[in-house]
Structure formats: C-alpha cells, structure tokens
Amino acid sequence: QYLLEHDETTVAKIAQFANRVFDVEADPANPEEVAQKGIDRFRAWLKDLGMPATLHELAGKEVTDAHIDELMENVQFNEEGRFMGFGHCNRDDVRKIFESVR
C-alpha cells in the first residue's frame with residue numbers, strides 16, 4: 001500500500017502482480033485501480049489463510065516506537081542506504097511502512 005501511494009514507478013509492477021497472481025483484469029489506462037484491487041485481494045487472501053496482516057496481529061500486543069526501532073536495527077540496507085526489493089525504499093520509507101502496519 002505504501003509503495004502504491006509513494007512510488008509512482010512501482011505502480012505498474014504492483015498492477016502486473018495483481019493481474020498475474022490475483023487475476024485482476026488488466027487496465028493499462030488505470031494501473032492504480034488494478035494495483036489497489038490486487039492489494040485488497042492479497043489482504044483478503046492473508047485473512048483467509050489466518051495469517052497476520054499487521055505487526056499487532058503478528059506480535060499479539062501493541063507495537064510501540066521502541067519495537068519499530070528494534071525492527072529497524074535488523075533491516076539490511078545497501079551501500080546507498082536503500083532497502084532493495086519491490087521498491088527501492090530508504091530508511092525513512094521502511095520506518096513509515098512499519099508504522100503503517102502497526
């Protein structure tokens with residue numbers, strides 16, 4: 001969700017994932033909508049599996065700033081300060097992602 005809202009270059013990749021994995025109909029004119037539908041289906045799939053979708057659900061307790069700090073200590077960033085993955089997030093982005101799924 002964070003990448004959809006903060007990384008325009010990744011929207012097409014999320015839309016492609018939605019189409020290929022969750023069978024969301026492709027719409028080149030509106031990749032944001034396709035991507036959002038894919039995110040929604042991914043969340044529903046996690047719920048159907050009984051998988052946690054938030055840090056609170058995973059930990060079974062409130063997730064504090066101290067917990068986020070501890071998580072951040074374990075994230076590996078490259079020499080340029082980027083977390084390489086689906087989007088190329090920096091330290092601030094990763095913290096905001098953790099905070100958004102508290």
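Read from the N terminus, the order of elements is α-α-α-α-α-β-β-α. The model is predicted: local features need pLDDT of at least 70, side-chain atom pairs count only at pLDDT 80 or more, and totals for chains, interfaces and linings use all residues. Residues are numbered from 1 along each chain as its sequence is written, and side-chain values use heavy atoms, with hydrogens and water left out.

Of the 102 residues, 26% count as buried, where buried means under 20% relative accessible area, exposed over 50%, and partly exposed in between (1.4 Å probe, protein chains only).

**The largest pocket**

Next select Gln1, Tyr2, Phe42, Ile97 and Val101, which are the closest to the centre of the largest pocket among its 25 lining residues. The space in this pocket is about 770 Å³. On a 1 Å grid over the protein atoms alone, a cavity is a set of points where a 1.4 Å probe fits but cannot get out, whereas a pocket is an open set with protein on both sides within 12 Å along at least five of seven lines; lining residues have an atom within 4 Å of a point. Grid points are joined across faces, edges and corners, and a volume is the space filled by probe spheres set on the points.

Helices H1 (2–6), H2 (11–22), H3 (31–49), H4 (55–59) and H6 (91–100) each supply at least two residues of the lining. H3 gives the largest share, 6 residues.

**Helix H6**

Select Asp93, Val94 and Phe98, which are buried residues of H6. Viewed down the helix axis, the buried residues of H6 fall within an arc of 140 degrees, so they line one face of the helix; the arc is that of the directions from the helix axis to the C-beta atoms. On the face turned away from this buried side, look for the exposed residues Asp92 and Ser100.

The cover over the buried residues of H6 includes H1, H4, helix H5 (65–73), strand E1 (82–83) and strand E2 (89–90). Then move to asparagine 90, which caps the N-terminal end of H6 with a side-chain oxygen 3.0 Å from the backbone nitrogen of aspartate 92.

**Arginine 41 and aspartate 23**

Arginine 41 is found in helix H3 and is partly exposed, with a relative accessible area of 38%. Beyond its neighbours within four places in sequence, arginine 41 is in contact (heavy atoms within 4.5 Å) with Phe22, Asp23 and Val24.

Select aspartate 23 next, in the loop between H2 and H3. Aspartate 23 is exposed at 64% relative accessibility, and has a positive phi of about 55 degrees although it is not a glycine.

**Threonine 10**

Finish in the loop between H1 and H2, where threonine 10 is located. With 3% relative accessibility, threonine 10 counts as buried. Show its side chain together with that of aspartate 7: a polar contact of 2.5 Å joins the two. A polar contact is a pair of N or O atoms within 3.5 Å; within protein, one must be able to donate a hydrogen and the other to accept it, and residues adjacent in sequence count only if both atoms are side-chain atoms.

Conventions: Helices (H or I, at least four residues) and strands (E, at least two) are DSSP runs, numbered from the N terminus.
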